[in-house]
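The sequence and structure are shown first.

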Amino acid sequence: VNELVLFLFFGSVALVGGVNVLFQRHPVHAALFLVASFLGIAGLFLTLGASFLAAIQVLVYAGAIMVLFLFLILLLNLDKEPFEGINATRGASALVAAATMGLIVQPLASTDEPALHEPARPLIESASASPIHVGQFLFREYIVPFEIISLLLLVAMVGAIHMARRPTPAELH
Amino acid sequence: MVDLNYYLILSAMLFGLGVATFVSRRNSIVMFMGVELMLNAANLTLVACARMHRPVDGSILSLMVIAVAAAEVAVGLAILLAVFRLRRTVNADEIRELRA
């Protein structure tokens, strides 16, 4: 299949998901559209040849992180939010978001920098981001960052358990 | 083959949507979703740009970003749970105990 077709398909899935995260008033609907957006981005990773990252994206983001979100929404029993209408805060935030998007997109769209118009083709064909290559680099060249990440995840796990724990009666007094 | 520019513009639009979600929604959980959208947009940029040089680097850096995002979500949602126990709300406008 043509790469452009894949790009347009997965890109529009990601964009539609993102738009709906912004506009859905029920948190569960927003979370489900966020899953759609993550899956679209996973498809883009596949299109770009990063198959390992696409698998990780589906497992960690669309799987683990979204389960965490949905679990918390259900635990807190959150319901659909009332429609606030257009107020000053919303207007200002729309302006901020539009400015952020515009200031990045406009220079990119109008540039004639040749590097940006080259097809994004891997220069080193052998070094694709397949699971084998990622594994070889991750456990040789990038072993220190890998270990730091594992330490970070351990710290985050201890922190999350501590924060979410219900205080014992003795601690409350 | 698709221009690198298309990927960058798409990820800029996703980043803008994440910013809009973060600043306009008042539900803290949905605000977190905006942060996740922004991180994903950054990952897309990393992978698209790395494809011109050494694709493995982009994948590994994105892997680090995903791990940090997972840690951030775990701690952040635990904090929200603790806040909800105290205040019975996750509305960012109503959580203002630290404000003078």
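Apart from neighbours within four places in sequence, L77(B) is in contact with L68(A), F69(A), L72(A) and F32(B). The model is predicted. L77(B) belongs to helix α3 of chain B. Its relative accessible area is 4%, so L77(B) is buried, the limit being under 20%. V35(B) stands 42 residues from L77(B) along the chain, and the C-alpha atoms of the two are 13 Å apart.

A74(B) also lies in helix α3 of chain B, which spans residues 55-87. With neighbours within four places in sequence left aside, A74(B) has contacts with L68(A) and A160(A). How does A74(B) count by relative accessibility: buried, partly exposed or exposed? The value for A74(B) is 23%, so this residue counts as partly exposed.

## The interface between the chains

How many residues of chain A are in contact with chain B? The contacts involve 82 residues of chain A and 66 residues of chain B. Between them the two chains bury about 7,000 Å², and 76% of this area is on carbon and sulfur atoms. On the chain A side, the residues that lose the most area to chain B are L22(A), L48(A) and F69(A). Together these three account for 9% of what that side buries.

## Aromatic pairs

Over all chains, the count of aromatic pairs is five. One of them is formed by F7(A) and Y7(B), with an edge-to-face arrangement, 4.7 Å centre to centre and 75° between the planes. This pair joins two chains, because F7(A) lies in helix α1 of chain A and Y7(B) in helix α1 of chain B. F7(A) and Y7(B) are both buried. Ring pairs also bring in Y6(B), giving a cluster of F7(A), Y6(B) and Y7(B).

Another edge-to-face pair is made by F139(A) and F146(A), at 4.9 Å centre to centre with 70° between the planes. F146(A) has a relative accessibility of 28%, so it counts as partly exposed.

## The largest pocket

The largest pocket holds about 400 Å³ of space. It is lined by 19 residues, of which L22(A), F23(A), R90(A), A94(A) and S24(B) are the closest to its centre. L22(A) is also among the chain A residues that lose the most area to chain B.

Which helix gives the most to the lining of the largest pocket? It is α4(A), with seven residues. At least two lining residues each come from α1 (3-23) and α4 (88-110) of chain A and from α1 (4-24) of chain B. By class, the lining has 11 nonpolar, four polar and four charged residues.

## S93(A)

S93(A) is placed in helix α4 of chain A, the helix that gives the most to the lining of the largest pocket. Not counting residues up to four places away in sequence, S93(A) touches V23(B) and S24(B). S24(B) is one of the residues closest to the centre of the largest pocket. Is S93(A) buried or exposed? Its relative accessibility is 5%, so S93(A) counts as buried.

Notes: Residues are numbered from 1 along each chain as its sequence is written. Chains are lettered from A and ligands numbered from 1 in the order in which they are written. This is a predicted model: local features need pLDDT of at least 70, side-chain atom pairs count only at pLDDT 80 or more; totals for chains, interfaces and linings use all residues. Side-chain values use heavy atoms; hydrogens and water are left out. On a 1 Å grid over the protein atoms alone, a cavity is a set of points where a 1.4 Å probe fits but cannot get out, and a pocket is an open set with protein on both sides within 12 Å along at least five of seven lines; lining residues have an atom within 4 Å of a point. Grid points are joined across faces, edges and corners, and a volume is the space filled by probe spheres set on the points. Helices (H or I, at least four residues) and strands (E, at least two) are DSSP runs, numbered from the N terminus. Ala, Val, Leu, Ile, Met, Phe, Trp, Tyr, Cys and Pro count as nonpolar, Asp, Glu, Lys and Arg as charged, and the others, Gly among them, as polar. Rings of Phe, Tyr and Trp (its six-membered ring) pair if their centres lie within 6.5 Å; planes under 30 degrees apart count as stacked, over 60 as edge-to-face and the rest as tilted. Buried means under 20% relative accessible area, exposed over 50%, partly exposed in between (1.4 Å probe, protein chains only). Contact means heavy atoms within 4.5 Å. Buried area is the accessible area (1.4 Å probe) that two parts lose on being put together, summed over both.
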